[in-house]
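Here are my notes on the model you sent over.

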Amino acid sequence: QDFLPVPPHLSLSPRSPPGPSHVSLAPCLPKEGQVNTSGPRLLLSTLHPASGSSAAMDRIFSAFLLSLLLLLQSSGVCGAPPQPRGTLCRTKPTDLVFIIDSSRSVRPHEFEKIKVFVSRVIEGLDVGPNSTRVGVINYASAVKNEFSLKTHQTKAGLLQAVRRIEPLSTGTMTGLAIQFAISRAFSDSEGGRVRSPNFNKVAIVVTDGRPQDGVQDVSARARAAGIEIFAIGVGRVDMHTLRQIASEPLDDHVDYVESYSVIEKLTHKFQEAFCVVSDLCATGDHDCEQLCVSTPGAYKCACKEGFTLNSDGKTCSACSGGLGSALDLVFLIDGSKSVRPENFELVKKFINQIVDSLDVSDKQAQVGLVQYSSSVRQEFPLGQFKNKKDIKAAVKKMSYMEKGTMTGQALKYLVDSSFSIINGARPGVPKVGIVFTDGRSQDYITDAAKKAKDSGFRMFAVGVGNAVEDELREIASEPVAEHYFYTADFRTISKIGKKLQMKICVEEDPCECKSIVKFQTKVEELINSLQQ
C-alpha cells in the first residue's frame, strides 16, 4: 500500500455546491459492458471505379435497384423475420483503475455504495492477465494504492479486495489522485501495459465534492497519455470540475446522480462501455412482446409476420388486412442512341434483378415496362405477366430503340396510359414509377412530371452521363433529394442520394408503414456503404 501525502504548501478549501446537474445514461443497458474501441480511456466517476463504363453503371444501378428491391420486398410485410440469438457481451482487454473519493463528506454507508458500484462493474468484465486488469486508488487528503493492476488476476480475488477497502475520511485531493494514476497506477511496474490499439487504459474516478487542488492540467495530461476520462458526480459535486476532468464529448463522459443510494443505476452504462459485442436479446434484458432484434449495445422490438409494432415500441397488434405487398410498378426506360447497346443490356439486367425480389401475382406486385426515345413504346402493361419468369423473359426480349430522348412524352404516357385501369392498374394500390435517362430531354417535362406526382404516383429518377440534374429533380417525388440517383459519367459514381423515403403512412395500412420504416433503414445503410 502506497500513500502520497498532501504537499505542505497546499491549503484545504471548503466545498461549494454543484452547478446544474447532468445525467447521461445509455439508452439501452446490457448485462455486461462495452469497451470504447476508439482508444484508451480514463473513466472518472465522481459520484454524483471499376474501370469502364459498364462496371460503373453496374455499381450505380446496383445501388438504386437494390434499394428499390428492398422497398418492393418490404412494402407489404408486417413485422420482421425472427432474429438469431447472438453471443453475450465480450469485453475488450483493458487496464482499468478506479479512483474513488473517500473524503470526510462520504459517510461510511455511502462509501459502501461506492464499493457495490465498483463490484458490479467488475462483475461484467473478462478479468485476466491477458484480458482486463483492474486496480483501485483510494484518495482523500492522501492517495492510497489499494491494489494495482498486477495484484489480482481473477474476478473473485478482485471482488474480495474491494470488500476490504476502508474510507480515509479526510480532504479531497482529486488532482493528486489523477497524477498518481498517471505516474504510478498505469506504470509498467504496477502491471500497466504499453499503449496499443488492442486494449484500452481506463480509470474511473469517484468523487462527491469540489477538489482542494487543481484538476484541469493534470486531467489534460492524462488524456494526452491516452486515458479517456468519464466523470460521475454525486450530491454537492462541482460540475465545472467534472467537465474539466472528463474527455470529449462531455455528454458521454460526465454523469451526475443526486445521492450514493442511486449510483448503482450507472453500473450498466459502464458495463456497456467495456463491451465489444452485446446481445441484449440473448441476455433477456428487454420487454419485447414477440421478437427482439439486437444491435451492438442496444436492441429494438419487432413483430412476427401478420403483426405490426405498436406505438409503445414493445407490443404487437394483428395487421388490419388490406392488400399487403400489393404494388403497381412501371419502369420508364430511356432507349435513346446515347445509351449505347452494351449499357442498354445492363439496364435490362437490373430490371430483372428487381423482378427477382418481387412476389408477383394478381394480389401482390404487378410490373409494367415502357421504353422511349423519339417515341414511346409500351413493352408490356401491368398485369400482362403473372409470374417472374415471364416478366424476365419479356425484359430480355426488349429491343433497343436507339433514337431521341422525349422524356416529357414518356411521362405523359405513364400518367395517361400506364397507370390506367385499362392497362392493368388496380384502384387503391400504390403506384411507383422509375424513370431512367442518360441525357437532356428534347421536349418539356414540367407539366407531365407535376401531373404524375399530383396523381399520387411515387416517382424515382435515375440519371447517368449527360442527364440533367434539374430534370431529375423535377421528376422525382418529395423529398426530391431522396428520390433521385445521379452519376456524372459511367466511370465515377457521384451523388446518388441519401436514401429513399416514403411518407404515405397516413393513408395506407399501418402494417405497410412499418415495413417502409424498415426499408428506409436498410436503404440508408446500403447507400452509406456504397458511398464509402
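1. Is S102 buried or exposed? Keep in mind that this is a predicted model. With a relative accessibility of 0%, S102 counts as buried, because the cut-off for that label is under 20%. Its place in the chain is the loop that runs between β3 (94–101) and α2 (108–123).

2. What does the side chain of S102 reach? There is a polar contact of 2.6 Å between the side chains of S102 and N138. The S102 side chain also gets to the backbone nitrogen of L168, at 3.0 Å. If you skip the neighbours within four places in sequence, the contacts of S102 are F111, N138, Y139, A140, P167, L168, S169 and T170. L125 is another loop residue, sitting between α2 and β4 (133–139). At 1% relative accessibility, L125 is counted as buried. Leaving out neighbours within four places in sequence, L125 touches T91, L96, T132, V134, K155 and F274. L125 and K92 are 33 residues apart in sequence, yet their C-alpha atoms are 8.6 Å apart in space.

3. Now for strand β8 (residues 254–257), which is covered on both faces. V254 and Y256 are buried on one side, and D255 and V257 are buried on the other. Strand β7 (residues 228–234) runs parallel to β8, and 4 bridges join them. Opposite Y256 of β8 you will find G233.

4. How many aromatic pairs are there? The count comes to 5. One of them is F230 with F270, an edge-to-face pair with 6.1 Å from centre to centre and 70° between the planes. F230 belongs to strand β7 and F270 to helix α8 (residues 267–273), so this pair ties together parts that are 40 residues apart in sequence. Both F230 and F270 are buried. Together with F117, they form one aromatic cluster.

5. F419 and F457 make up another aromatic pair, this one tilted, at 4.5 Å centre to centre and 45° between the planes. F419 is buried, with a relative accessible area of 8%, and F457 counts as buried at 10% relative accessibility.

6. One charge-over-ring arrangement is worth a look too. R193 lies over the face of F199, at 4.9 Å from the ring centre.

7. Last stop, helix α11 (residues 388–397). Which residues of α11 are buried? They are I391, A394 and V395. These three cover an arc of only 100° around the axis, which puts them on the same side of α11. The general rule behind this is that an α-helix has 3.6 residues a turn, so residues three or four places apart point the same way. On the other side of α11, the exposed residues include K389, K396 and K397. At the start of α11, a side-chain oxygen of N387 comes to within 3.2 Å of the backbone nitrogen of K389.

Note on methods
Residues numbered from 1 in each chain as written. Predicted model: local features only at pLDDT ≥ 70, side-chain atom pairs only at ≥ 80, totals over all residues. Heavy atoms only, no water. Buried < 20%, exposed > 50% of the residue type's maximum accessible area, 1.4 Å probe, protein only. Helix = DSSP H or I, 4+ residues; strand = E, 2+ residues; numbered from the N terminus. Arc of directions from axis to C-beta. Polar contact = N/O pair within 3.5 Å; in protein donor to acceptor, adjacent residues only side chain to side chain. Contact = heavy atoms within 4.5 Å. Pairing = 2+ DSSP bridges. Phe/Tyr/Trp six-rings, centres within 6.5 Å; stacked < 30°, edge-to-face > 60°. Lys NZ or Arg CZ within 6 Å of the ring centre and 35° of its normal.
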